[in-house]
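Subject: Structure handover

Hello,

Here is the structure I said I would pass on. My notes on one strand and its surroundings follow below.

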Amino acid sequence: MNCFNVVAFRQQFPLLKKTLADMPLVYFDNAATTQKPQSMLDCLQSYYCQSNANVHRASHALSAQSTVAFEQARKIVKNFIGASAIQEIIWTKGATESANLIAQSWGRENLSVGDEIVLSYAEHHANIVPWQIVAEQTGAVIKVLPLDKNGRIDVNQLANVITEKAKAVCIAHISNVLGRINPVESVIARAKQVGAITVIDGAQAVAHQMIDVSKLDCDFYFFSAHKMYGPTGVGVLYGRQSLLESMVPYQAGGEMIKTVSFEKTTYNSLPFKFEPGTPNIAGVIAFANAVDFLRQQHDNNIGEYEQKLLSYCYQELLTINEVNFIVADRPDIPVFSFTVDNHHNHDISAALDTYGIAVRSGHHCAMPLMTYLNISGCTRVSLAPYNTFAEVDYFITSLKKIISGESYDTPEEQLIEPDKITQIESDKIKALFANATGWDSRHREIMLLGKQLMRMPKEQRNEQTLISGCESQAWLSYTVNEQGEFSFTADSDAKVIRGLLVIVLAAYNGKTSQQIRDFDINDYFDSLGLLQHLSPSRGNGLNAIVDKILRLAQ
C-alpha cells in the first residue's frame, strides 16, 4: 500500500484554491458535500463535448458510445460496493430519492395496519419522512431505536424495539451529525431474526470506508455521489435482486416499460424498471470516474491520514472550555458537532465565515435528534482528507477569537430599544455599510447591531409572536399609534439574526400601513450589499421577517 500525500491530493481540487475576502478558503463542510477533483470535472465536460447522446434507445454510434460508458459505470459501482449482480444497482437522483423509492415501491405493497417501521433517533430527515408518509398510507407505525451516550444505536435495546411486528428496519450507517459508525451488523442480525428487511443509509459512510453490501447482508443500501467527490444529482440504490424484482415502480415514463397499450403496460427488467426517463447520463459517467478516484485513494492509505487529522482536531477542540460536544467521546469519522457557551450556533458559523472558514450550523436535517439531545441546534465541522493540520490550527485560533468576543466589543450603554429604531437609524445603518469594504466588515456591523438590540421580555417570546420560516427562533410584535404608524419590537436567540432585525425595523418602524407596502425593501437591502452575502437559509429567514411585517400591515 502506498503512502497518502495530502499535498498532491489537495492539488487535484481546483475550488480549494479559491480565496474569500482575500483569505484562503477553509472548507469544513464536507458532510454536506465534498469538493470535486479535476479528473471528475474533466470527465463531466468530456461527455457533453465528445459523446452527448441519449442512452439505450437509439441505434447510432454516439448513443452506443454513451450507453457503453453509462453501463460501465454501473459495473464500476457494483464492484465498488460488492453487489452480487448488475441488476442490483439502480441509478437515482440521490440518497433522498433512493429512500423514497424503497418506501413507496416496497412499503406500499408490503406494509399494513399495525406493522412496525423501525428507525433511530440519529436519522437524517430523508430516512424519516418517506417512512412517515408510507406509514400514513398503510397504517403502519414508527418505532425508534435509542442511542447510547456516545451517539451510536444502543445494541442493548435492539430486542426491545425490533420486535416480531417489525417489517422494516431503516438506519444510517454513520450519522451525519454525530459521526458515529452504528452497529449495523448487530441491527441487521436482529432484523433477520424477526423477518424484517434492512435499509441502510450509507450517505456518510461511502466517502470514509470501503463498503461491502454482500458481507453486510443488508436488503437495501443507498448513497449519493456528491458526498464522495462525485457530481450532484446522482445517487445509488443497491437492492437485493429478489426484492427488487417483486417491487412495483412508483415512478413511470420512458425506459422503465417493456410494452405499453391503453389496455395494459408491462415493465422493463431490472435495473431499468426503476429508472424512468432520461437519466443524468453525464453525472453517472463522471461518478464512475469519482469512484475510481476514491478507490485509488484507499489504496494510498487515505484512511490513516484522515484518522490522524480527526484526532488532532478533536484534541484541539477539547482545549476550548466553552466548546461542548453534543455526545461523549471522539467521533469515528471527522464530523464534530458542538455548542459553544453563550453563543448561538448561527453566530459561530457566520463569524467563522468572515474568516473564510465554511462550516454548517442548525439542525442539520436531524430535528428529532436535536429534540432527543435537548438542544435547538449545533455547529458542525466536517473534514475531508484534503484538509490540513494547518487549516485546523487556523480554525481553532479563529474560533477562540470569536468566543472571546474581541471582534464585536461594544459598550453596554449603546443598547437600542426596538421600537426606537426608525428612519434616522436607517440612515445611520446605510452610512455604516457604505464605509464597509467587504463582507467581513459588513458582518461585523450586523453583529454589533445585534449586540445593541435590547431583548424582548421572555413572556413576549411566544407562539403568537414567533416568526415562521426563520432559521433560528425569532419573534415579532407591534403596536399602532393614533396616526396609524407601526412600532415593531423583535428579538432572536442569534446575534446575527438580531442584527438583521435591526436593519429591517429601521426600514419599517414609524410608517403607516400604506408606507410599509410602498417601501422597496429589496432596494434597501441592495443599498446595504446584504442579500448576495447571506446564505440561502438566512436569506429566507430575512424574507420571512419581511413577510410577517407585510402581513401585519395589511
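How many of the residues of strand β9 (residues 220-224) are buried? In this predicted model, five of its five residues are, which leaves the strand mostly covered.

The burial applies to both faces of β9. Phe220, Phe222 and Ser224 are buried on one side, and Tyr221 and Phe223 are buried on the other. In a regular strand the side chains alternate between the two faces of the sheet.

β9 has these pairing partners. With strand β8 (residues 197-201) the pairing is parallel and runs over three bridges; here Phe220 of β9 has Val199 opposite. With strand β10 (residues 235-239) the pairing is antiparallel, with five bridges, and Leu237 of β10 is opposite Phe222.

The other item is Asp219, in the loop between α8 (213-216) and β9. Does it count as buried or exposed? Asp219 counts as buried because its relative accessibility is 9%, and the cut-off for buried is under 20%.

- to the backbone nitrogen of Thr198, at 2.9 Å
- to the side chain of Arg240, at 2.8 Å

Leaving aside residues up to four places away in sequence, Asp219 touches Ala196, Ile197, Thr198, Tyr238, Gly239, Arg240 and Leu243. Of these, Thr198 and Arg240 are the residues already named for their polar contacts with the Asp219 side chain.

Regards

Technical notes
Residues are numbered from 1 along each chain as its sequence is written. This is a predicted model: local features need pLDDT of at least 70, side-chain atom pairs count only at pLDDT 80 or more; totals for chains, interfaces and linings use all residues. Side-chain values use heavy atoms; hydrogens and water are left out. Buried means under 20% relative accessible area, exposed over 50%, partly exposed in between (1.4 Å probe, protein chains only). Helices (H or I, at least four residues) and strands (E, at least two) are DSSP runs, numbered from the N terminus. Two strands pair if DSSP finds at least two bridges between them. A polar contact is a pair of N or O atoms within 3.5 Å; within protein, one must be able to donate a hydrogen and the other to accept it, and residues adjacent in sequence count only if both atoms are side-chain atoms. Contact means heavy atoms within 4.5 Å.
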